[in-house]
Amino acid sequence: MRSEPTGGPELSGGGSPLAGAAEPADATDPALGRVRPGQPTPGATGRVGPGADEGLAEPDGLGRRQRHELWMRRALDVAVTGPELPAERAGADPLATGPAVDDVPVGAVVYGRDGAELAVGRNERELTGDPTAHAEVLALRRAAERLGRWRLDDCTLVVTLEPCTMCAGAIVLARISTVVFGAWEPKTGAAGSLWDVLRDRRLNHRPEVYPGVLAAENATVLRAFFR
């Protein structure tokens, strides 16, 4: 069950460029300086998982940190706005905006290799009565349907809250290359808080993980919901 996130301790990890190497354009990426135990530092030599050769910045585009923040704002918008509901299910006021049910406001977006948006998802457990209808699972299902294949190994999943064990398992099974998440979830998180399913060396796939992107903004939305 999703629960209200609380600020967890952030441990300092290695983030310095290698000796003799040029400093990357976005070396201030918070992911480089704050990682959880057992999580290889993004950009570090010897890092496991797909995308290990990805540069920290693209020559003529947004740096990785800026791109992740841009994508996270889209996911946050999905979380706050909620799913589009048919008029008969939207409540008494058909012109009402935002979610009409009390689903925890978590939003997820899947992006393709070229950065194009493929699919979105928002928690819909209360709306649909489906215990597996977490934002990540819905976004993965829709992206797979759109691409016509279950392997999403060239895709990035952006989600406003650290995935739970179910969603982390689905991410691994979908072969997602990169996961970007916002707020930490110390009670049920499976990307470094309680468990690190996404980095478990016993599994046959380990995505690249970038945590804590716009964490404060995402946590604010979630705390407001639980008040």
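## Helix and sheet, question by question

Visitor: What does helix α6 lie across, and at what angle to β4 does it run?
Guide: In this predicted model, helix α6 (residues 215–226) lies across β3 and β4 (178–183). Its direction is about 60° to β4.

Visitor: How do you know that β1 and β2 pair?
Guide: Two strands pair if there are at least two bridges between them. Five bridges join β1 to β2, so they pair. The two strands run antiparallel. V110 stands opposite A119 in β2.

Visitor: What is the strand order of the open sheet?
Guide: Five strands form the sheet, in the order β2-β1-β3-β4-β5, with mixed pairing.

Visitor: Why are β2 and β5 called edge strands?
Guide: Each of them, β2 and β5 (208–210), pairs on one side only. On average, neighbouring strands of this sheet are turned by 15° against each other, direction ignored.

Visitor: How do you know that the span of helix α4 agrees with its number of residues?
Guide: Helix α4 (residues 135–147) has 13 residues. At 1.5 Å a residue, α4 should span 18 Å. Its end C-alpha atoms are 18 Å apart, so the two agree.

Visitor: What makes a residue of α4 buried, and which ones are?
Guide: The cut-off is under 20% relative accessible area. The residues of α4 that are buried are A135, E136, V137, L138, A139, L140, A143 and A144.

Visitor: What covers the buried residues of α4?
Guide: The cover includes β1 (107–111), β2 (117–122), β3 (156–161) and α5 (165–173).

Visitor: Which residue takes a positive phi just after α4?
Guide: G148 does, at about 75°.

Notes
Residues are numbered from 1 along each chain as its sequence is written. This is a predicted model: local features need pLDDT of at least 70, side-chain atom pairs count only at pLDDT 80 or more; totals for chains, interfaces and linings use all residues. Side-chain values use heavy atoms; hydrogens and water are left out. Helices (H or I, at least four residues) and strands (E, at least two) are DSSP runs, numbered from the N terminus. The expected span of a helix is 1.5 Å times one less than its number of residues. Buried means under 20% relative accessible area, exposed over 50%, partly exposed in between (1.4 Å probe, protein chains only). Contact means heavy atoms within 4.5 Å. Axes are lines fitted to C-alpha atoms, for helices over the stretch in contact, and angles run from 0 to 180 degrees between N-to-C directions.
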